[in-house]
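Please report on this model. Cover the aromatic rings, the ligand site and the confidence of the prediction.

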Amino acid sequence: MNLDPSFTDPKVIPRRTDTPEGAPMDILGLSRDELKEALIEAGIPARQASMRCGQIWRWVYHKGVTDFAAMTNIAGELHPVLAEKFRISRPEVSSAQYSGDGTRKYLMRFADGSEAETVYIPEDDRGTLCISAQVGCTLNCRFCHTGTQRLVRNLSAGEIVAQLMVARDDLGEWPASTMGRKITNIVMMGMGEPLYNFDNVKKALGIIMDKEGIQMSRRRITLSTAGVVPMIERAGKEINTNLAISLHAVTNELRDKIVPINRKYPIEELLAACKAYPGAHNARRITFEYVMLKDINDSDADARELVRLLRKYELPAKVNLIPFNPWPGAPYECSDWERIRAFSELIFAAGISAPIRMPRGRDIMAACGQLKSDSIKARRSAAKEDAR
Ligand code: SAH
């Protein structure tokens, strides 16, 4: 038996994300229309429902309030009614780690006990929150730590929105003014494949972009995919954020191996889908992520082929070179610094921007592809102990 977890198909666990009968309904994750409906069902007179919905929405998304009693413009006698029927949840933060470079990593534990990670990365001119779309991931990219996690489930829209709420709580970002924010950008680049959880990601981003709520601009949100080709078109039509593609290889032979979804959707189909992505012009370039793996995908010939492909498909592109972040047992090494520089320069020389992304939060294992909860590992070793 091959014990390498990358060769084992992860198990997707179905989970009820709807609210069991009688339990308070979580407001995070409801669209405004759904909240209004739910208020009417809870007995709020229909003629008041729009107003109450707007008031609650602003308390939740402008002020970060989690307690109905604090909603001072809502009549006092409604507070217990709301508290009985609704809740404004926060996942438990099972650990929050702060790196010396300002990066913060949160491990969130959701109601069913499963966990996902969220990372805040401050830079000079922006602050980016890297959000997870799934617990674990089914893709099994060979260089990615998350793929070694066996249990996978989709996060609900509320759980996706909650990651931003928790980070805002921690950064003291309430009330949510649009000026001087710490979290200015969002990338769907945490654990999981956002396009395998399309509906929930779409709904969550809709809530995050809502004009009366957090008001994050779609230009400041990037959705990253390993290449679920049929969903790229839908993402363009229905979500329309910036797009990032985890390319990592320029031949199907290699990409089949390191990004196995390529066997289903090969490079040509992927790049054609990028070409068709709305707004794919210079003002909105597509980001191509390229992890630098020593002696695997980092030759001059690879760089030239990358340029050729981007030109062939006439893609307005930016290449992000990511130094490989090793994790215990990883089957690859990071390319040498000189090699990464040379690779970058070859692409720049062709007129395509190819910055090298500096690893952040390495001291807390928060860098790209390292996301995987330690507690899973802890639980596994405890299980092994038990089995002895
Ligand atoms: N499933 C989505 C989003 C999650 S991965 C996607 O594939 O795009 C986020 C990014 O981190 C991807 O570009 C991924 O390829 C990269 N990555 C994963 N493991 C890494 C590692 N060990 N070192 C550097 N980058 C890694």
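## Rings, ligand and confidence

The model holds three aromatic pairs. Rings of Phe, Tyr and Trp (its six-membered ring) pair if their centres lie within 6.5 Å; planes under 30 degrees apart count as stacked, over 60 as edge-to-face and the rest as tilted. One of the pairs joins phenylalanine 324 and tyrosine 332 edge-to-face, with 6.4 Å centre to centre and 90 degrees between the planes. Both phenylalanine 324 and tyrosine 332 are buried (under 20% relative accessible area, 1.4 Å probe, protein chains only).

This is a predicted model: local features need pLDDT of at least 70, side-chain atom pairs count only at pLDDT 80 or more, and totals for chains, interfaces and linings use all residues. Residues are numbered from 1 along each chain as its sequence is written, and side-chain values use heavy atoms, without hydrogens and water.

| Residue | Residue atom | Ligand atom | Distance |
|---|---|---|---|
| Serine 224 | side-chain N or O | oxygen | 2.6 Å |
| Histidine 248 | polar side-chain | oxygen | 2.5 Å |
| Asparagine 325 | polar backbone | nitrogen | 2.9 Å |

Taken alone, the ligand exposes 540 Å², and the protein buries 96% of that (Shrake-Rupley method, 1.4 Å probe).

The protein chain averages a pLDDT of 89, and 88% of the residues score at least 70. pLDDT is the predictor's confidence in each residue, from 0 to 100. Over residues 381-388 pLDDT stays under 50, and the model has zero contacts beyond four places in sequence for them (heavy atoms within 4.5 Å). Residues 1-9 also stay under 50, with eleven such contacts. Where pLDDT is low, the predicted coordinates should not be read in detail.

Definitions and conventions
Buried < 20%, exposed > 50% of the residue type's maximum accessible area, 1.4 Å probe, protein only. Polar contact = N/O pair within 3.5 Å; in protein donor to acceptor, adjacent residues only side chain to side chain.
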